[in-house]
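These are my notebook entries from a first reading of the model. I wrote down each thing I looked up, together with the rule behind it.

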Number of protein chains: 2
Amino acid sequence: MADKTIRTPKGFLFSTAEAAIKKPGRKDMALIFSTAEAAMAGVFTLNAVKAAPVKLDMRRIRSGRGRAIVANSGNANACTGRQGDADASEMTKTVAGALKTKPAGVYGCSTGVIGHALPMTRIRPALRTLCENLGKASAVDAAHAIMTTDLIPKAVSAGIRIENKTGTILGIAKGAGMICPRMATMLCFILTDIAIAPRTLDRCLRASAAKSFNRLTVDGDMSTNDTVLMMANGLLGNKPLTEKSEFLMPFQKKLDEVAYELARLVALDGEGASRLVEIAVSGARNGQDAEKAAFAVANSNLVKTAVYGNDANWGRIMAALGYSGAFMREEKTDIYIGRVRVASGGLNTSKDREASRELKSKHVKIRVNLNVGKASANVLTCDLTEEYIKINASYRS
Amino acid sequence: MADKTIRTPKGFLFSTAEAAIKKPGRKDMALIFSTAEAAMAGVFTLNAVKAAPVKLDMRRIRSGRGRAIVANSGNANACTGRQGDADASEMTKTVAGALKTKPAGVYGCSTGVIGHALPMTRIRPALRTLCENLGKASAVDAAHAIMTTDLIPKAVSAGIRIENKTGTILGIAKGAGMICPRMATMLCFILTDIAIAPRTLDRCLRASAAKSFNRLTVDGDMSTNDTVLMMANGLLGNKPLTEKSEFLMPFQKKLDEVAYELARLVALDGEGASRLVEIAVSGARNGQDAEKAAFAVANSNLVKTAVYGNDANWGRIMAALGYSGAFMREEKTDIYIGRVRVASGGLNTSKDREASRELKSKHVKIRVNLNVGKASANVLTCDLTEEYIKINASYRS
C-alpha cells in the first residue's frame with residue numbers, strides 16, 4: 001500500500017514560484033529536477049487539439065531520457081498557435097540554460113484556461129526563481145503549484161524492496177475538471193529512484209495508466225493538456241529493471257497502486273464532488289463492452305445527480321447501460337448499490353431505503369453484473385452537484 | 001410557419017384524468033381518439049432497454065393503422081418485466097373495450113420513474129373516466145397531462161392548403177430530462193386530418209424526426225420510453241398523399257416545421273435550462289463528422305455551464321471538437337458565439353466582452369466552421385444550471 005507520509009525518491013529536487021499567471025497570491029509554477037539523467041516515459045491526451053507543451057513533450061519523449069519538468073497552472077497554453085509553441089519552447093530552454101542541461105531533456109506542462117497566450121513577461125522572472133530555488137520546495141509544494149480548481153494537493157508515495165535496498169515511487173497530480181478517459185486525464189508526474197530501462201518504463205507506465213487515469217471521468221470532457229510523465233533516475237543503484245527482471249512484477253504492482261491512488265484522489269476532488277463513485281461492471285461479453293457500460297454509467301449526469309441526492313434511482317443506471325452500446329439483456333442484469341442489490345434480473349428488489357443509506361457513504365460503489373459473459377471493468381468518477389455548475393459557470397472570472 | 005393559436009385537426013377527440021400515479025393533484029393521464037381509423041407511423045427509442053408500452057407499440061405500428069393513444073406520466077413502466085407487459089396491454093385493451101375498437105389499434109405510452117410497477121388500482125378507474133370524458137379536453141390539456149418535469153405544455157399546429165381545403169397538423173410533446181439523440185427523444189404525438197398512405201407517412205415522419213427530435217439533447221441521457229407517434233385520419237377528404245403527390249413536398253415541409261418547433265420547445269424547457277442553445281457545425285468532411293462535432297459540443301457539461309455563466313470560453317468548444325472524433329484541424333477552425341467570431345483559424349480574436357453579451361440572449365447560437373469540407377449539422381440543446389442538479393437529485397422524492 002501507499003505511504004502515510006510522502007517520501008521522495010533519491011536525487012529529485014523541487015522548487016515553486018509565483019508568476020501570477022491567472023491571478024496573484026499563490027505559487028503557480030513548479031520545477032522538478034533530477035540530479036542524474038533519468039529514463040522517461042509519457043502518456044498524453046488523445047484529443048485532436050493538443051496544447052503546445054504536449055506537442056513539444058510528445059516529440060522529446062521519443063528519446064526516453066530527461067532531466068527536468070517545468071509546469072505552470074492558470075493557463076493551458078492550448079489553442080495559442082505559433083506563439084504558444086515558441087513560449088513552450090522558451091520555457092524549457094530557459095530552464096535548460098540555467099541548469100546547464102540540454103533543452104531536449106526538459107519537459108514542459110501547462111494547465112488552465114485555453115486560448116490565451118502565456119504571460120511570458122511574468123513567467124520569465126519566475127523561471128529564474130525556480131532554477132535558483134531548486135531544492136527549497138517539497139513534492140507536496142509542487143503538487144500545490146500545479147492545482148487549478150483542485151481543493152487538495154495530490155501526492156502519493158510507496159516503497160519497494162529491490163536487491164535489499166528500498167526504492168521509492170512518488171506521484172503528484174492535479175485534477176479536477178475537464179477530466180475524461182482514453183488518455184492520461186490530467187497533469188501527473190511520477191518519479192522514482194529505481195533504475196529501469198526506458199522501454200520497460202514506457203510499457204509499465206502505459207499498463208498502469210490503462211487501469212487508473214484512463215478509467216477515470218469527472219465530467220466526460222477530455223482535456224487538451226493531459227499528460228503523465230514518469231522519470232526514473234536509477235540513483236537507487238539497482239541493476240536496471242528489464243522485461244526479464246524478477247523485480248519487474250513487484251515494481252509494476254507498486255506503480256499500479258500509486259497511479260490508481262492518484263486517480264482516486266482526482267475523482268474524490270472532482271469539481272464540486274461530494275462523493276467518490278466507483279462503477280464496477282462484470283459479466284460483460286468482452287472487455288470493450290465492460291468499459292463502454294461502465295463509462296456510460298459514470299458519465300450519466302442523471303446517475304451522478306441521483307448519487308448526490310442519495311436517491312437509489314437504479315432505473316437511470318439501467319437506461320445508461322441500455323444506451324452504452326454494450327451487449328446486454330435487461331432481464332439478466334443485476335445492479336448493486338454498495339452491498340444492496342437494487343435490481344435483480346432487471347427487476348426492482350424494493351430495497352430503496354437500504355440502498356439510499358449506502359449512497360450516504362463518502363465512497364459509493366455501484367456494481368453491475370450483466371450476466372452475459374466474463375469480462376469486467378472499473379471506472380472512477382464522482383457525483384454531480386450544484387458546486388460543479390458554480391465553478392464552471394464562473395471559471396474565468 | 002406554425003399557428004399562434006393551437007388548431008385541432010378534424011375528428012380528433014381528447015380527454016384527461018387524474019390517476020395520482022406519482023402524486024395527487026394533477027391530471028396525469030391523456031387519451032387521444034380519432035373518429036375514423038388513421039394511418040399511423042412511429043419512431044422509438046434506440047435504447048436496448050425499452051419500456052413495456054414501447055415494445056407493445058413497436059409491434060402494433062407494423063399494421064400502419066390505429067385509432068387511439070393512451071398515455072400516462074409519473075411512471076415509465078420500464079424495467080417492470082412481465083407485469084409491465086401485462087399492464088401496458090391491459091391499459092390498451094380497457095380503452096379498446098370502452099371505445100368499441102380493436103386493441104391492436106390502441107397505442108400506449110408511459111413516462112416517469114423507471115423500475116416500479118404501474119399503480120393499476122388507480123389507473124383502472126382513470127381509464128374509464130378517460131373514455132367517458134372523450135371530447136371534454138383540448139390538445140393543450142393533453143399536453144399538460146403528459147408533462148413530468150416540464151414547466152410548460154408543448155403544443156404546435158400548422159395549416160396547409162391541399163386541393164383547396166385547409167388541412168391541419170397538430171403536435172404535442174413532453175420533455176424535459178433524459179433527453180438525448182439517436183431516437184425520438186421524448187413522448188410526442190402528431191395528429192393530422194390529411195389523408196396519406198401509411199408508408200408515405202412513415203417516410204415523412206422519419207425524415208422530420210431525423211432533423212428535429214434526433215438532433216436534440218438536454219443531458220446526453222437516452223431514455224427507455226422515447227416515442228413519437230403520428231396519426232393521419234384523412235377526414236380532410238383529400239386524395240391520399242403518396243410519394244408522387246404534388247402536395248407531398250409542402251406536407252413534408254410543414255411536418256418538418258411542426259417537429260422542429262416541438263424539439264425547440266423541448267430544448268427551451270430542458271430541465272433547469274435558462275437558454276436555448278443551437279450548435280451549428282459547418283465545413284465538416286462529411287455529415288457524420290458534422291453530427292459528431294455538433295453533439296460533442298452540445299453534450300459538453302463545460303460548454304453548457306460556460307453558456308449559463310455568460311462566459312465566452314471557446315477553448316471548451318475547441319476541446320470538445322477535438323475529442324468528438326470528427327476530422328478537424330485546430331488551425332482551420334473558426335468559432336462564432338452569436339454574431340461574434342471568438343476564434344479565427346484556431347486563435348483567439350480577443351472578443352470576449354462582445355461574445356459574453358451575445359450569451360445573454362435567450363436563444364444562443366454557437367457556430368463552428370471546421371473548414372475541412374462542405375457538410376453541416378445543427379443540434380439543439382440548453383445550458384446546464386444548478387436547477388438541473390436540484391431537479392434530478394430529488395426527482396423521486
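**Entry 1: ground rules.** Before naming any element I noted that helices (H or I, at least four residues) and strands (E, at least two) are DSSP runs, numbered from the N terminus. This is a predicted model, in which local features need pLDDT of at least 70 and side-chain atom pairs count only at pLDDT 80 or more, while totals for chains, interfaces and linings use all residues. Residues are numbered from 1 along each chain as its sequence is written, chains are lettered from A and ligands numbered from 1 in the order in which they are written, and side-chain values use heavy atoms, with hydrogens and water left out.

**Entry 2: A:Arg357.** I looked up A:Arg357 and found it in helix α10 of chain A, which covers residues 352-359. A:Arg357 counts as exposed because its relative accessibility is 55%. I also checked its separation from A:Val266, which is 91 residues away along the chain, and the two C-alpha atoms are 25 Å apart.

**Entry 3: A:Lys304.** Is A:Lys304 buried or exposed? This lysine, which lies in helix α8 of chain A, is buried, since its relative accessible area is 4%. Its side chain makes a polar contact of 2.8 Å with the side chain of A:Thr381; by that term I mean a pair of N or O atoms within 3.5 Å, where within protein one must be able to donate a hydrogen and the other to accept it, and residues adjacent in sequence count only if both atoms are side-chain atoms. Taking contact as heavy atoms within 4.5 Å, and leaving aside neighbours within four places in sequence, I listed the residues that A:Lys304 touches, among them A:Thr217, A:Val218, A:Asn299 and A:Asp383.

**Entry 4: B:Ser73.** B:Ser73 is buried, because its relative accessible area is 0%. The side chains of B:Ser73 and B:Arg26 are joined by a polar contact of 3.5 Å. Not counting residues up to four places away in sequence, B:Ser73 touches several others, including B:Ile21, B:Asp28, B:Thr111 and B:Met147.

**Entry 5: salt bridges.** A:Arg124 is partly exposed at 33%, and A:Glu90 is partly exposed at 24%. In another bridge, the closest N and O atoms of A:Glu243 and A:Arg203 are 2.8 Å apart. Within helix α6 of chain A, A:Arg264 and A:Glu261 are three residues apart, so about one helical turn separates them, and their salt bridge has its closest N and O atoms 3.1 Å apart. I also noted a network of salt bridges that links A:Lys253, A:Lys254 and A:Glu257.

**Entry 6: the two chains together.** How much area do chain A and chain B bury between them? The value is about 4300 Å², with 56% of it on carbon and sulfur atoms; buried area here is the accessible area (1.4 Å probe) that two parts lose on being put together, summed over both. The contact takes 49 residues from chain A and 49 residues from chain B. Across this interface the rule finds zero salt bridges, whereas it finds 10 residue pairs in polar contact, both at pLDDT 80 or more. On the side of chain A that touches chain B, α8 (301-308), α9 (314-323), β12 (347-348) and α11 (386-393) each supply at least two residues, and α9(A) gives the most, with seven residues.

**Entry 7: symmetry.** With copies superposed by least squares on the C-alpha atoms of residues with pLDDT of at least 70 in both, a rotation of 180 degrees with 0.0 Å of shift along its axis places chain A on chain B (RMSD 0.0 Å). That is the relation of a two-fold axis. Of the residues of chain A, A:Glu386 comes closest to the rotation axis, at 2.3 Å (C-alpha). Since 100% of the interface residues of chain A are also interface residues in chain B, the copies meet through the same surface.

Technical notes
Buried < 20%, exposed > 50% of the residue type's maximum accessible area, 1.4 Å probe, protein only. Salt bridge = Lys/Arg side-chain N within 4 Å of Asp/Glu carboxyl O.
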